[in-house]
Amino acid sequence: MSNKEKFIQEINDGYTFKGESIVMGGAMIDGECQTNTLVKLPLGMMNRHGLIAGATGSGKTKTLQIIAEQLSANSVPVLLMDVKGDLSGIAACSDGHPKIDERHEKIGIPFYSDQSPVEFLTLSDEKGARLRATVSEFGPVLFSKILDLTDTQSGIVAVLFKYCDDKQIPLLDLKDMKKLIQYATDAGKEEFEAEYGRISTASTGTILRKIVELEQQGADIFFGERSFDIDDLIRIDSEGKGMVSVLRLTDIQDKPKLFSTFMLQMLAEIYSTLPEEGDLDRPKLVMFIDEAHLVFDEASKALLDQIEAIVKLIRSKGVGLFFVTQNPADIPEEVLGQLGMKVQHALRAFTAKDRKAIKLAAQNYPLTDYYEPEQLLTELGIGEALVTVLNEKGIPTPLAHTLLRAPQSRMDVLTDAEIDSIISESKIIKKYNEVIDRESAYEILGGKIEVAQEAEHQEKLKKEKEKASKSSSSKKEKSAFEKVTSNTAVRQVGRTVARELTRGLLGALGIKTSRRSSRKSSWF
C-alpha cells in the first residue's frame, strides 16, 4: 500500500461516524485534493466546542459560514456574533461561480445554493431585535465579577441585592443600582445598618465609579427590560431549518467591556435556563464568537475563571461554543484545552514572535506522518485548513489538510433593503423593541430619598424658628425713654436744644461763643 493509499484509508476510517455529520471538504496530501476522501464533523460532538483560527484573509469567516449553514440545514439553531458585519449574507442564496463548481468537483460533492432563516439581533441602535438583561438577572456574584470588585466590595453588592429581594424592589438597570447605592449611604443608612450592618462609603464610592466606567462603554443600553428569552434563540422554522440569529456588533469593537459583559451574561443565562441533556444526536444550540479576543481583552482573572467554568459545564446543556480568532494564543490555555474541534487556517510569520506562535500552534494538533504542521501552517492557501475533530468516542481524528467546500449562501453582505425586508418579517422584533420603563429601584428609592430630604428640611426650619424665638424672648423690652431716644429725629432735636441752652448759659456768664453762619458780613 502506497503512502497516498494509506493516507486515504486513514482519513476515510477516521472521519466515518455512526451518527449524522456535515461535510467540511476533501482531504489533501502533497498539495492535491483526494476526491471523495471527505473530512466531516459529527453532529453529536458539536457540543464539545471548537476553534477556527487563521490570519486575516485566510478564510475564517467563510469557514464559520459553512459550518453555520450546514448546522441550520440539519435543524440546529445557531447564534453568530457578527463583529465585522460580514455574516449577513447567510440569509441569501449564493450566486454560484465556475471556480466554486471546480472546487466541489475536486472534493467530490455537488454544489447547490441555499439560504438559512435569519433573525437579526442587536445590543445597540443597529437594526434588529434588542437584547437586554436586568441587573437582577446578573445576580450579585456575576455583577461583581464584571466590575472586578474585591471580596469586601462584592459583599456590599450582595447586601444591596439582598435588600432589594427582601423589600421586593425591582433592580432593572444601572440607574437603579446607582440610586440604591445613594440610598444605602444617605437616607437609608440607618435602615441598612440596623438590618445588615455598616456599609463603607469608601467601598460604595469605588463600586459607583466602576458602574460609571461600565456605562461609558455603553452598557447602560444593555441593562433593562424586556429581557431576552433564550427560547427565542433555539427556534426551528417551518421547513425544519434551525434559526440563525445574527447578533450585529459592528459598533462595539472598541468596547471590550460591554462585549465580555454580554457574552458572560448570555452564557450564564443559557446555562441556568436549559435543562441537562447528556449526550444528544445533535446540539440544541451552537454559538460562534467572532473576534473572540474581544471577550478576553481586559478581562479580570475572576471573569476568566467564570468563562472557563461555563465553557466546561455548558456542553452538558447541549450547547456548543466556537471561538473564531486570528491566533490560538488569543484564547486562554484553560479555555483552549476545552475545544475539541480545531480548524486552523494559514498563519503568517513576519517576526520572531510570529514564528514562535506558529510553533506553539502546531503543537495543538495530533501527530501525523503525512505533514509538517509547522511548515504547512505558513503554506496553506485561501480556503484551505488543517482540521481535526473529536470522534464519537472522544478521540481526536487524524489531522487533515482540507480543501474546504464553498458556502451555499452568499459570500457578500446583504444590502440595507434586504436587511430591512428580513426585519419587517421578524416575529420577535416588536416584542423586544418595545420600550419598558416600569417603576423600579430608581423611582421607589428616589421617592424615599425625597421624603427623607423633605423631612430633614422641615426639621431644619423648625430648629431655626425655635432658635429665633428663643433669641427674641431673651432680649429685654426697651423703656419708653429708650424708645424715644433711639429715634433719629428725636436725638437731633435733643442735640440742638442742648447746644442753645449751653450758649445762653455761657452768654450770661460773659463768655462769647463762636457761631458759624452762612450769611455775609454786614460791611458788604
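**View 1. Tyr 371, at 9% relative accessibility, counts as buried.** Here, buried is under 20% relative accessible area, exposed is over 50% and partly exposed is in between, using a 1.4 Å probe and protein chains only. Keep in mind that this is a predicted model, where local features need pLDDT of at least 70 and side-chain atom pairs count only at pLDDT 80 or more, while totals for chains, interfaces and linings use all residues. Residues are numbered from 1 along each chain as its sequence is written, and side-chain values use heavy atoms, with hydrogens and water left out. Phe 7 is buried as well, with a relative accessible area of 1%.

A search of the whole structure turns up 15 aromatic pairs. In one of them, the rings of Phe 7 and Tyr 371 have centres 6.1 Å apart and planes at 85 degrees, so this pair is edge-to-face. To pair, rings of Phe, Tyr and Trp (its six-membered ring) need centres within 6.5 Å; planes under 30 degrees apart are stacked, over 60 edge-to-face and the rest tilted. The pair ties together distant parts of the chain, 364 residues apart: Phe 7 is in helix H1 (residues 3-14), and Tyr 371 is in the loop between helix H13 (352-362) and helix H14 (373-376). Helices (H or I, at least four residues) and strands (E, at least two) are DSSP runs, numbered from the N terminus.

**View 2. Phe 138 and Phe 222 are both buried.** Their ring centres are 6.2 Å apart with planes at 80 degrees, so this pair is edge-to-face. Phe 138 sits in helix H4 (residues 135-147) and Phe 222 in the loop between helix H8 (201-216) and strand E7 (244-248), which puts the partners 84 residues apart in the chain.

**View 3. Val 135 is another residue of helix H4.** At 0% relative accessibility, Val 135 counts as buried. Setting aside neighbours within four places in sequence, Val 135 is in contact (heavy atoms within 4.5 Å) with Phe 143, Phe 161, Leu 171, Leu 172, Asp 173, Leu 174, Met 177 and Phe 223. Arg 226 is in the loop between H8 and E7.

**View 4. H4 packs against helix H11 (residues 301-314) at an angle of about 130 degrees, with the axes 7 Å apart.** Axes are lines fitted to C-alpha atoms, for helices over the stretch in contact, and angles run from 0 to 180 degrees between N-to-C directions. H4 and H11 are therefore oblique to each other; under 35 degrees counts as roughly parallel, over 145 as roughly antiparallel, 65 to 115 as roughly perpendicular and the rest as oblique. The residues making the contact are Leu 142, Lys 145 and Ile 146 of H4, and Ala 302, Leu 303 and Gln 306 of H11.

**View 5. H4 also packs with H8, at about 75 degrees and with axes 10 Å apart.** The two helices, H4 and H8, are therefore roughly perpendicular to each other. Phe 143, Ile 146 and Leu 147 of H4 make the contact with Ile 207, Lys 210, Ile 211 and Leu 214 of H8.

**View 6. Two charged ends sit over rings: Arg 248 over Phe 120 and Lys 317 over Tyr 271.** The charged end of Arg 248 is 5.7 Å from the ring centre of Phe 120. For Lys 317 and Tyr 271, that distance is 4.6 Å. The test asks for NZ of Lys or CZ of Arg within 6 Å of the ring centre and within 35 degrees of the ring normal.

**View 7. Gln 168 has a positive phi of about 55 degrees without being a glycine.** Gln 168 is in the loop between helix H5 (151-167) and helix H6 (174-185), and is exposed, with a relative accessible area of 71%. Glu 291, also not a glycine, has a positive phi of about 50 degrees. This residue, Glu 291, lies in the loop between strand E8 (285-289) and helix H10 (293-296) and is buried, at a relative accessible area of 15%.
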